[in-house]
Amino acid sequence: MNNHDKTLVKVENLKVHFPVKGGLPFTKKKFVKAVDGVSIEIHAGETFGLVGESGCGKSTLGNAILGMQKPTEGKIYFKDQDLNALPRKEFKDLRRGMQMIFQDPFSSLNPRFDVYHIIAEPMEIRGGMTDEEIRARVSELLHLVGLSDDDMPRYPSDFSGGQRQRIGIARAIALNPEFLVCDEPVSALDVSVHAQILNLLMDLQKELGITYLFISHNLAVVKDICSHVAVMYLGSMMETGETQKIFKRPMHPYTRSLLSAVLTVDVDNAPQRIILEGDIPSPINTPPGCPFSTRCPYAKEECKKSKPELTELEPGHFVACHFPMMD
Amino acid sequence: MKGALSLIVKIWKHPQGRVGLLIAGVLVFCAIFAPLIAPYDPYDVTARAEKGLSPSWQHPLGTTISTGQDIFSMLIYGARVSLMVGLITGILTALIGAVMGICAGYVGGLCDTLVMRVVDVMLVIPTLPLTIVLTNLFGKSYFMIIFIFVIFGWTGLARVIRAQVLVLKNSNYVKAAELSGAGRWHIMMRHILPGVSHLLIMNTALSSAGIMVAEAGLSFLGLGDPTAISWGKMLADAQSGGALLFGHWWWIVAPGIGIFLSVFSFMRIGLALEEIFNPRMKRAGAMHRLFRTLNNTYIQKVFAEMDEAEREEAREAAKEKGGAAV
């Protein structure tokens, strides 16, 4: 947890719009606004949580940060360098510092490769290592994620979901990345394995000082492991800041209803569920004002007209709402 | 090399595959060592004294009525043409289909549109009449037959490969490789090509069998190379030489069995491969499969079933996960 204040990844007003296929010629082209003007800053060594419901643009944002998806607008800085302005070669070199852990451990490992080749592949691609060095490194990585040398010649089909996720993690950290995007790393696993994988991730962070962008819809997990959190809805940031502050006093109506959905053990003192009416608007026709205005129980005329900006309502706590709930 | 060997061992372990492998092995042996095995020179048309002999120890399948060629020797030499045309066409088809399919699927964009439009056009052109026209135009040679079948044969395969490549291209392990800085070439050779190789191998075996029948048909119609000896041409000779008139049934049956065995063996190998690559494949009746193969709809069905099996697997995995979570 050293140099905690240094910004590692900075996203400025990022927009990712996908053109909609079809449509008549000469009509206005339609776009799916998957990410619509998001800015975040991730400090070195921290775990940054990104929460929101399905289809709100979390994964697209993750992909864009990794340079897998060209942004329509906006800039992404990694170690103070503008990713999309770099020449191809330098871009590739810089991006090696960022890796990803995938949601589905079943499809993220090539079934034709054995474990050794899966983990060795990134090093083989980068080059500059002898076979012995690679073998030693693979062995080291396997031990680091809690597997053994005997697993090297085995194939992904021989492993359980949790073990496969460990292999995926070993592959992701093979090149000593500084930044890892974890795209719902535990949601495809059995509940009993969740804690194991999360503990592994936290241990790795302590040992290697890796920064995480933790994409999840499991609020309980985010609350436990993230130091900062951002809540997304329909491609826009609703609320962001230090995890404790947001969980203690959510100010955005959307965050409130989201948090009320977290299951608690204490049945008698369970918070009142805030159930939202209606469906998420289509990301093709986003509301002109606040994205949440169509479902917000407190929406007023102004909310439908102008989009609220993120404003710092208390130190380290930003909310995008015209009428934040200060109680 | 190691992979090829283990694949052959796998086919050998499959009961149907073993039959196919044995027959194909014998045929290949005959084709390669034809001059050593054949008792007479089948091209020798000067044996005037020995015309139209019945089977005997000197001539196991007799001689032809018109020119007195030894039918047994012709049969052995005929394997050369049949296997050569079938295998070369099958392999070339697989190669072009793979390149085009991967181009369309992986490179995408303009390349994809271009290849797929060409495929659309090629698919609606009937091959057989075109072959007849072109062989008449450019001369009757096996080169021409192979050329035409290759030019029109890769289209269906390219479509299937493209679909598979699109699936692989978006898979997470390709994404992970890209994150490590892998170039297009690396991803194509390490992830995409091995991912579609089973389709290629299977297609080669099955389409080779189909081409052998087509070659025999063309030769029978007199569209093959008139100087070569092939099973189809033997049938044509038997027809024109009056084998039926003189009751020389062996002259007709011999090349028929040759054609049958070569097609049968390749089909067995193809079907065995398909069960090796896709163990969940339901064992449909052999005749039904043969019928579908000859109608060129079989391979599509196989691929559809493989997709279905994969989806089923994913669904089961999801179900398991759901069950465990509860």
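**Reading salt bridges and a chain interface**

Guide: Welcome! Let's start with A:Glu242, which counts as partly exposed at 33% relative accessibility. Keep in mind that this is a predicted model.

Visitor: Why does A:Glu242 count as partly exposed?

Guide: Partly exposed covers the range between buried, under 20%, and exposed, over 50%. With 33%, A:Glu242 therefore falls in that middle class. A:Lys245 is partly exposed too, at 26%, and the side chains of A:Glu242 and A:Lys245 meet in a salt bridge (3.7 Å, N to O).

Visitor: How many salt bridges does the structure hold over all chains?

Guide: To spot one, look for a side-chain nitrogen of Lys or Arg within 4 Å of a carboxyl oxygen of Asp or Glu. Over all chains there are 14. One of them joins B:Asp120 and B:Arg159 at 2.4 Å, N to O. B:Asp120 sits in helix α5 of chain B and B:Arg159 in helix α7 of chain B, so this pair ties together parts 39 residues apart in sequence.

Visitor: How far apart in helix α10 of chain B are B:Lys233 and B:Asp237?

Guide: They are four residues apart, about one helical turn. Their side chains form a salt bridge at 4.0 Å, N to O.

Visitor: Which side chains meet in a salt bridge across the interface of chain A and chain B?

Guide: The rule finds one such bridge there, between B:Arg190 and A:Glu124 (3.6 Å, N to O). On the side of chain A that touches chain B, α3(A) gives the most, with five residues. That side divides into 14 nonpolar, six polar and nine charged residues. Together the two chains bury about 2100 Å², 57% of it on carbon and sulfur atoms.

Technical notes: Residues numbered from 1 in each chain as written. Chains lettered and ligands numbered in written order. Predicted model: local features only at pLDDT ≥ 70, side-chain atom pairs only at ≥ 80, totals over all residues. Heavy atoms only, no water. Buried area = accessible area lost by both parts, 1.4 Å probe. Helix = DSSP H or I, 4+ residues; strand = E, 2+ residues; numbered from the N terminus. Nonpolar A, V, L, I, M, F, W, Y, C, P; charged D, E, K, R; others polar. Buried < 20%, exposed > 50% of the residue type's maximum accessible area, 1.4 Å probe, protein only.
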